[in-house]
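Dear colleague,

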Amino acid sequence: MSGPQCCDNPPTLSPTSGAGHVEKFAGLDTYVTGSSDSKLAILLISDIFGYEAPNLRKLADKIAAAGFYVVVPDFFNGDPYCPDNAERPVLVWLKDHGADKGFEDAKPVIQALKNKGITAIGAAGFCWGAKVVVQLAKREFIQAAVLLHPSFVSVDDIKAVEVPIAVLGAEIDHLSPPALLKQFEEVLNAKPEVNCYVKIFPKVSHGWTVRYDVEDENAVKCAEEAHGNMLEWFTNHVK
C-alpha cells in the first residue's frame, strides 16, 4: 500500500452517519447495525480511513437489511489515516497500524460475536482490511470471506484460505493488479475444497467500492454491483 492509490479520494468522516449506533464491542468502539436477534453476523473491516466513512456505514446498513447483524469496529482506536497530516505519510502511519495487529484485535471481536449466540460469521475487508480478513479466513474464525480491492494480500495468504472466498478487484489497481488477482484465482481453483469467486471490475480504480463519489452515477452503479456480489456471497455461505 505504498502507492498513492490507497490514499485517493479520502472520505469525509462522519461519526454520526448511518442508521445504526456506536457501542463498545470487544473493547473497541464499533458501528453496529441490524437485528441483535440475528444468528448470522458480518464483520466489516475498513480501509485506512477507518470506520466513520459514510459509504462504509451505508453498506453496513444495506447488509443488515438482508438479515445480518453487522459490526464495523474501529481497529485504529480513533487514529485513522489522515492525508492532511504531511508529517505522517501513509508508510509512517502503517507502522502503528499493521494488519497483523488488526488480525489480533479481530479475534476478540469474533469471540464476542460467538458469545452473543451468533452461529455463522462472514467477514469483508476493504484495502487494508482485506489483509486482516484473509488471515481470518480459517474455519475456526469465520465461515466466508470477501476481499475488496485488497492491499498487501499475497499468493501465500491465498494458499492458506480454508473458507469460501470472493475477491473483487479493480482493473486499474497498482496494489492488487489484475495479474495478481489471476494468480489468486489459479491458487484457489487448485483447491477444490474451497469455494471461490474472483471478479475484476472494468474501468474502476482501487477503493471504488467505498470511496466513490455519491454524485457520480456511474461510480455509484459500479460500487453497487460489487456490493450486490458481496451480499450474494454472504447470503449463500453464511447461514
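Helix H3 passes helix H4 in a right-handed crossing, and please bear in mind from the start that this is a predicted model. The axes of H3, which covers residues 99–115, and H4, which covers residues 128–136, come within 9 Å and cross at roughly 60°. Since angles from 65 to 115 degrees would count as roughly perpendicular and those under 35 as roughly parallel, the two helices H3 and H4 are therefore oblique to each other. On the side of H3, the residues that take part in the contact are Ala-99, Asp-100, Gly-102, Phe-103, Ala-106 and Ile-110, and they meet Trp-128, Lys-131, Val-132, Gln-135 and Leu-136 in H4.

The next element to look at is helix H6, which has twelve residues, 178–189, and reaches 16 Å from its first C-alpha to its last, close to the 16 Å expected at 1.5 Å a residue. Which residues of H6 are buried? They are Leu-180, Leu-181, Phe-184, Val-187 and Leu-188, and because they cover an arc of only 115° around the axis, they lie on the same side of H6.

Ala-26, in the loop between strand S1 (21–25) and strand S2 (28–33), has a positive phi of about 55° although it is not a glycine. With a relative accessibility of 35%, Ala-26 counts as partly exposed, because that term covers values between 20% and 50%. Asn-77, which lies in the loop between strand S4 (69–73) and helix H2 (90–96), likewise is not a glycine and has a positive phi, of about 50°.

Finally, Gly-34 is found in the loop between S2 and strand S3 (40–45), and it is partly exposed, with a relative accessible area of 37%. Leaving aside residues up to four places away in sequence, Gly-34 touches Ala-64, Phe-68 and Tyr-69. The C-alpha atom of Gly-34 is separated by 9.0 Å from that of Ala-19, and these two residues are 15 residues apart along the chain.

Notes. Residues numbered from 1 in each chain as written. Predicted model: local features only at pLDDT ≥ 70, side-chain atom pairs only at ≥ 80, totals over all residues. Heavy atoms only, no water. Helix = DSSP H or I, 4+ residues; strand = E, 2+ residues; numbered from the N terminus. Expected span 1.5 Å × (residues − 1). Buried < 20%, exposed > 50% of the residue type's maximum accessible area, 1.4 Å probe, protein only. Arc of directions from axis to C-beta. Axes fitted to C-alpha atoms, helices over the stretch in contact; angles between N-to-C directions. Parallel < 35°, antiparallel > 145°, perpendicular 65-115°, else oblique. Left-handed = near helix turned anticlockwise from the far one by under 90°. Contact = heavy atoms within 4.5 Å.
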